[in-house]
Amino acid sequence: MRLVFLIAVTTVLLVGCGGSDESSETANTAQGIAPNFSVDLNSSHTLQHAPFHIDIYAIRTTNPGTFATAVSYGDYNQDGAVDVFIAAGDNSKNTTPFELYLNDGADNFSLDPSFFNGNPPGLVFPRKAINGDFNGDGKLDIFVLGHGYDKPPFPGEAPMVLLSSANGFVSGTGLSALIGFHHGGASADIDADGDLDVFVTDINAPFFLINDGAGNFTKNTSRISGLNNANLFTAELVDLDKDGYVDLLVAGHEYERFSGRILWGSSSGKYTVSDSTLLPVVNAYGVTIDIDVADLDNDGDKDIVLNRTGDGTGAVSFYQGYYLQLIENKGGRQFADNTGDRLLSGSSAYGSAVDWIRLRDINKDGKIDIFVDDLARNLIWLNDGTGHFQ
């Protein structure tokens with residue numbers, strides 16, 4: 001299966017009832033959510049891909065000296081060209097304004113001076129930006145997650161949603177009280193009511209934000225159980241076993257006794273550790289930063305790639321180096337770590353960690369490749385068509 005970037009966003013109405021209040025959730029559980037085999041269509045995982053590979057820092061013309069960890073791609077001004085959104089930070093307690101770079105159609109990017117009327121909001125330490133039509137108007141919105149000042153006592157910060165409108169983006173409301181250490185997240189329609197909900201990682205208690213269809217979210221902890229007080233830092237929502245229910249993939253700090261796993265989706269619209277599958281661990285690289293999924297060996301199953309970095313317990317320093325782990329989907333919810341057999345030179349103990357990877361046919365030969373999102377890193381692994389990479 002080849003991943004396709006969707007420029008035009010359409011809302012898919014799934015079968016079943018749902019909503020953000022407890023009465024709707026009770027009805028959902030009682031009646032059951034019918035499977036829908038297009039459940040991945042508008043998820044943040046599907047909408048994260050871009051048709052180009054660029055140097056993230058080279059295109060920037062503002063906020064010099066800041067890091068750019070939260071990046072998303074989409075046709076935000078609906079002119080047919082894919083643009084770049086960047087949420088940056090400077091390791092201080094100050095916020096850094098968000099940046100939107102518009103594509104002229106030839107992959108030349110310029111800062112949009114009219115973005116938020118020239119006065120865009122920002123976060124202290126943004127970690128992930130995800131796309132989705134959260135308010136149901138057929139245009140791309142952006143949900144930004146951050147964890148705040150990255151030193152004790154780790155005060156955290158609230159996420160932000162940037163909603164499309166007739167006059168450009170506006171800030172959504174109702175999220176300011178949700179302060180936490182939010183290192184990652186993902187979106188999909190988990191309750192089958194036709195809108196996109198958001199999973200938010202939090203080192204104390206991860207939670208869902210249930211969407212009312214207009215981009216208003218209600219915090220919900222009843223849809224997930226068994227992950228409290230976990231060192232959980234990254235997540236994706238993907239229908240991994242193709243049963244029509246979106247699954248929740250989570251990972252983080254293995255060296256602090258958090259085991260990455262797949263929590264299987266079901267007709268209840270809820271997720272529990274008691275119905276999950278553990279992911280293989282990797283010694284010395286016990287920090288997972290990013291999760292990606294695609295059919296890498298062309299056998300019809302969705303395989304998993306984990307982007308790892310050093311955990312400081314062995315020869316590899318904390319948050320140094322990278323290790324790409326290739327986990328083959330054998331079908332029937334069975335998985336095998338085939339990194340050693342299928343991925344040549346997929347690790348290094350030196351240099352900085354890799355923020356994001358992408359799975360896409362980068363050389364246009366019909367096979368899905370693996371590459372680091374930032375072109376400046378010059379890290380690309382090409383697929384020979386059988387799921388072996390060099």
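Because the model is predicted, local features are reported only at pLDDT of at least 70 and side-chain atom pairs only at pLDDT 80 or more, whereas totals for chains, interfaces and linings use all residues. Residues are numbered from 1 along each chain as its sequence is written, and side-chain values use heavy atoms, with hydrogens and water left out.

The protein chain contains two helices and 28 strands; these are DSSP runs numbered from the N terminus, with helices (H or I) of at least four residues and strands (E) of at least two. The C-alpha atoms fill a box of roughly 55 × 50 × 45 Å along the principal axes. The radius of gyration, taken over C-alpha atoms, was compared with a globule rule of 2.2 Å times the number of residues to the power 0.38. For 390 residues a compact globule would have a value near 21 Å, and the 20 Å of the protein chain agrees with this. Buried residues make up 58% of the 390 residues, where buried means under 20% relative accessible area, exposed means over 50%, and partly exposed lies in between (1.4 Å probe, protein chains only). Contacts are defined by heavy atoms within 4.5 Å. Of the contacts with a separation of 6 or more, 55% involve residues 24 or more positions apart.

Strand 22, which spans residues 303-309, is mostly covered, as seven of its seven residues are buried. In a regular strand the side chains alternate between the two faces of the sheet. In strand 22 both faces are covered: D303, V305, N307 and T309 are buried on one side, and I304, L306 and R308 are buried on the other. Two strands are taken to pair if DSSP finds at least two bridges between them. Strand 21 (residues 287-294) runs antiparallel to strand 22 and is joined to it by seven bridges, with A294 opposite D303. Strand 22 also pairs with strand 23 (residues 320-331) in the antiparallel sense, over five bridges; here N307 stands opposite L324.

A further set of three strands forms an open sheet in the order 26-27-28, with antiparallel pairing. Strand 26 (357-360) and strand 28 (380-381) stand at the edges with a single partner strand each, so one side of each has no neighbour in the sheet. Strand 27 (residues 369-372) is joined to strand 28 by two bridges, and I370 has W381 as its bridge partner in strand 28.

D297 lies in the loop between strand 21 and strand 22 and counts as buried because its relative accessibility is 11%. Its side chain is joined to that of R342 by a polar contact of 3.3 Å. A polar contact is a pair of N or O atoms within 3.5 Å; within protein, one atom must be able to donate a hydrogen and the other to accept it, and residues adjacent in sequence count only if both atoms are side-chain atoms. Leaving aside neighbours within four places in sequence, D297 is in contact with D303, E328, R342, G385, T386 and G387.

In the loop between strand 8 (141-146) and strand 9 (160-165) lies P153, which is joined to P152 by a cis peptide bond with omega of about 10°. N117, although not a glycine, has a positive phi of about 55°. N117 is located in the loop between strand 5 (109-111) and strand 6 (122-123) and is exposed, with a relative accessible area of 76%. A284 is likewise not a glycine and has a positive phi of about 75°; A284 is placed in the loop between strand 20 (276-278) and strand 21.

Rings of Phe, Tyr and Trp (its six-membered ring) pair if their centres lie within 6.5 Å, and planes under 30 degrees apart count as stacked, over 60 as edge-to-face and the rest as tilted. By this rule there are 20 aromatic pairs. F52 and F109 form an edge-to-face pair, with 5.2 Å from centre to centre and 70° between the planes. F52 lies in the loop between helix 1 (22-31) and strand 1 (67-74) and F109 in strand 5, so this pair ties together parts 57 residues apart in sequence. F52 is buried at 8% relative accessibility, as is F109 at 15%. F115 and F116 also form an edge-to-face pair, at 5.2 Å and 90°.
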